[in-house]
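Student: Please take me through one part of this model closely, starting from a single residue and then widening the view to the rest of the chain.

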Amino acid sequence: MCAKIVLSLVLLLHFTGKFTPTTATVDTIPARTVWAAEGHLAELPCDITAQAQDAVKVVLWFKDSIGVPLYSVDSRSGVSVQEGVQWATGDDLGKKLKMVITENLKEARLQISNINQSDCGVYRCRVDFFNSPTRNYRFNLTLVVPPEEPRIFDAQGKEIATVAGPFREGHELFLSCQVSGGRPPPRVSWWHGDKEISGTSHPSAIDGAAAMVNQLFLGTVTRELYGAKFRCKAAVSKLISPLSKEVSIQVHLKPLRVKIVTPNELLNAKQAVPIRCNVWGSFPAAKIVWLLDGEPLRSADITVHSENNDANFTSSILTMVVSAGNDGSELTCRASNPWFSNFSLEDKRIINVAYQPVVSVHLANEDPSRVITRSEGANVTLKCRADARPPVTSFSWYKNNMRMSGESGETLHLTQLERESAGGYACAATNEEGESRSSSITLKIQFAPRCKPGTEQQTIGSLSMQSQVVKCEVDADPPDGVRFSWTYNSTRNVSPVLNSRISSHGLVSTINYLPQIDAELVTLQCWAVNSVGRQMVPCLFHILPAKTPETPRNCELHNDTELEVVCQAGSDGGLVQHFLMEVIGGAPPPMFSLDYTRSPPTEIDNEISTMNDQATLAPLFRITQNEPHFKLHSLEPGRIYQLLVYAVNAKGKSESAYVFDNVRAGSAALIPPYVDETIISEDPTPAETSNADKQKQHSQMVMFAAVAAAAGVVITSVIVAGFVAICRLKRPKPPEPQEVRKRMRPARTDVPSMYAEDDVFEDEFQRQPGDPRCSRASSTLRSSRYISEGFVQYSQPSLNVYIADPDLILPRGGEIEFTTLAGA
C-alpha cells in the first residue's frame, strides 16, 4: 500500500514538473454536471482525442481538491492509450473506478459503479499529450434525488384523490399537479393514455420547499372525455423511473336527443292517455318535464326510469286526461340536465280534440294583463280569441254580464273612454258544439279630480263670527297624491287661500271660514289635481247669511194602529235643522194617569215660543226628531187634536207650521200612555176625570197658560229688539252695492280672517261666544241677502288676482236653496 502511494506521488511530481497550463488555471475550467442514481453506474466522459502526429501520454482523474490522482492510464511506453497501464487508488472509491476507452477516443469515460452519496463531488480529467498542451475537463457528479408523490388539485384548491370533476360538457377544465422535492428539479407532465397533454409548468414553493407545478387547462370539455383518465407524471432523470398519479375525469353531458315516441292520434276527451318520451345522451340521467302550452303539468301522473345498462338513456311516461280545452294545445317534452341551466332539448306536438270554443279576451297588442288602466278620452281595443273545433261561427260581447248590442265582431273598439266605460268586458264565441264565454277583463278609467256627486255647488248658511268648517270632497283615480287648493271670491276680490288654512287628507280637504258680517256674500272654490290632470270645474261653496228653515211640506197623516206623520224637509236655511211637532187640544184618556216627564230645557227650547201661532192653547207636549217623521203613542182614541210641524235650526224655527186640524186618534187598543225620550213636556196637564168639575178646571188652566205664554212672547220680543238695536249701532255698516261695484283694487284689510295670523283668528273666534247681544238674536232678526243658483264665473287660484266687478263672483237668477254641509 505504501509503495502505491509513493508511486502516485512520484508520477504526480513527474507529470507536474513537465506541464505548465497555457490558457487558464484548473479552477476556472467550468464543471459539467453529471447526474447519477444511487446504487447505479455513473459515467464521466473525457475526450482524449489527440491531434495529428501526436498521441496520449497519460490520463489522470482527480476528485475535488485532492492533488493525488484517483485513477490513471499510462501510455508513455509508446503503446496506444487503449493498451496503456490503468491504475487506481486502493480505497473504496478506487475499487469502483474503471476507464473505458474504445476506438472512438471521444467516447472515453470513467465508470463509477454502485454509486452513493459519498462518491459525489467534482471530478477532473487531465489528458497529457506528447506534443500538444495538456487538456482538462471538470465534472460535477451529483446524485439524483427522487421527488415526492405528485398531488393533484382542482380549480378551488381541493386535492383530488381518485375522481376529478364533475366537469360540464362544453365548459372549461382545470387541474393542477404539484410535485415537491427532487434533484434535479422534476419534469412534471400530463398524460391521457399514451398521449401527452400540453400544460403549463413552472417552479413554485410549497411549505418553504421547492416544487414544480404543471397546470392543465382545457377551454372546452368534449364528450370524448366522458370516462377518461388523466395521469400526472414527475420525472427527474432517465436513471430512475418517473412517479405518477392517475385520476378519473367525471364529465356531465348534455342530452343529445329527445323524442315523444307515442303516435300522435286524435284524442278523446276525458279519457286517460299514456304518452311516452325518450331521452338519450345525458349524464347524469336527464330531467324530463312535460308542458302544456308552455305551462308545466304538475298534477300529471309521470313515471321516469333509466335503463340499467345505459346510463345515458331516460324515459318518461305521462298519463294525461285530455279535455275539450286541450284541442290545439302544444304538448312539450323537455329534457334537461340540472348541470346545464341554459340548455334543454324539446320535442313538441299539437293535441287534437273536438270541443266547444275556448274563449279568452285580451288587448289587441297581446298584453296578457287582466286589468287595463286607461285615462279618460283614451281609446282601447279588445280582441276575442277563440279556439274551437269546429271553427267559430259568431262572436258577441258583454259588459258587466250584459250583452252589448251591435257588437258581433272578433274585435271591440272603445273610443273616447269615459268613467262610465269602466267595467268587466267578456266575449262569447259560438260553434256547432255550443257557446262559451270568456272570463272578464277589467277596464279601469283614471280621471282627473271632480266634485263628489251632489257636492258640485253647495250653499252654506253662516252666522256672524261663528267659525264654519267647509269640507270639499272629490272623486279621483288614482286617489293617491291628490293635492288641493282653494280660492276665496267675495264682492271685492278673488284671492287664493293660504296653505296654512287648508287641511287635506286623501280625497277630502277642509278649511275653517270665519264670516265677519252677516251680509257678506262669499264663494269658496275648491280645486284638486292628481297625476291625470287638474280639476276642470271647481267645487263651489256659496257662503250666505243663514236664515230660518222652510216649513216642512207634503206631510201625510197615517191613522192606523197609531198616529204617524211623515213630511218632506224643506230648505234648512244653511244650518243643521231638526223638526218639531206640537200637539194641541185633546185631553188625556180618563183611565190612565199621565205622568209626562220634563226633560232639561235646551238652548233651542229657549228660543222657541211655547205658544204656537195657529192656536190659542199651549201644546200638550212637543216631539223633536232629526227627520220629519213622528209617531204618536199617547193620544186618546176618539179625541180631536191639532198637530203642528215646524223645522228648527240655530237661526230659529220656520215662519209657519204645517198644520193638521181636527185629527182624531184611532180606535185601536190603547197603549199605556208614555212620552218618548224625544218628547218634551212643555205644560204637564193633570189626568182628566169623568167629573165635570175637573174638566172645567182643566179648561181654565189651559186658558191661563196660553195668556201667560203670550205675555212672555211680548216681553222676550222687546228684549231681543233692544239687543239688536245695540248690535247694529256697534257693527259697521255693510257697503252699498254702488260702492261695491266701483272698479277699484281693495285694500288687504278686506281679506277675510282666514288670511289673518293664527293668534288673531283664535282670538276672534274665542271672543264671539261670550257676547250674547250680537250672536243669535241679531242673526235671527236681521234681514238677509240671498244669491241665485246661477253662478256666473269662477277663478282658479292665483296669488295676485283681484276682481273689482262683483258681477264676476255674485250669482244671478232665482233664489238658491240651502244645503247642509256634511260633517260641518
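**A cysteine pair and its surroundings**

Tutor: With a relative accessibility of 9%, cysteine 555 counts as buried, a word used for residues under 20% relative accessible area, while over 50% is exposed and anything in between is partly exposed, judged with a 1.4 Å probe and protein chains only. The model is a predicted one, in which local features need pLDDT of at least 70 and side-chain atom pairs count only at pLDDT 80 or more, whereas totals for chains, interfaces and linings use all residues. Residues are numbered from 1 along each chain as its sequence is written, and side-chain values use heavy atoms, with hydrogens and water left out.

The partner of cysteine 555 is cysteine 567, and the two form a disulfide with their sulfur atoms 1.9 Å apart, the term meaning a pair of cysteine sulfur atoms within 2.5 Å. The torsion about the S-S bond of cysteine 555 and cysteine 567 is about 115°, so this disulfide is right-handed. Because cysteine 555 lies in strand β45 (residues 553-559) and cysteine 567 in strand β46 (residues 563-568), the pair ties together parts that are 12 residues apart in sequence; strands here are DSSP runs of E with at least two residues, helices are runs of H or I with at least four, and both are numbered from the N terminus. Cysteine 567 is also buried, at 9% relative accessible area.

To place this pair in context, a search of the whole structure finds 7 disulfides. Another of them joins cysteine 46 and cysteine 125, whose sulfur atoms are 1.9 Å apart, and with -75° about the S-S bond the link of cysteine 46 and cysteine 125 is left-handed. Since cysteine 46 sits in the loop between β2 (42-45) and β3 (56-63) while cysteine 125 belongs to strand β8 (residues 121-129), parts that are 79 residues apart in sequence are tied together by the pair. Cysteine 46 is buried at 0% relative accessible area, and cysteine 125 is buried at 0% as well.

Cysteine 384 and cysteine 427 are likewise joined by a disulfide, with a sulfur-to-sulfur distance of 2.1 Å, and the 75° about the S-S bond of cysteine 384 and cysteine 427 makes that link right-handed. This pair links distant parts of the chain, from cysteine 384 in strand β30 (residues 380-389) to cysteine 427 in strand β34 (residues 423-431), 43 residues apart. Both cysteine 384 and cysteine 427 are buried.

Widening the view to the whole chain, its secondary structure comes to 7 helices and 55 strands, and 43% of its 824 residues count as buried. Of the contacts between residues at least 6 apart in sequence, 71% join residues at least 24 apart, where contact means heavy atoms within 4.5 Å.

Two lysines are also placed over aromatic rings: lysine 254 lies over the face of phenylalanine 343, at 4.8 Å from the ring centre, and lysine 653 lies over the face of tyrosine 646, at 3.9 Å from the ring centre. A charge sits over a ring if NZ of Lys or CZ of Arg is within 6 Å of the ring centre and within 35 degrees of the ring normal.
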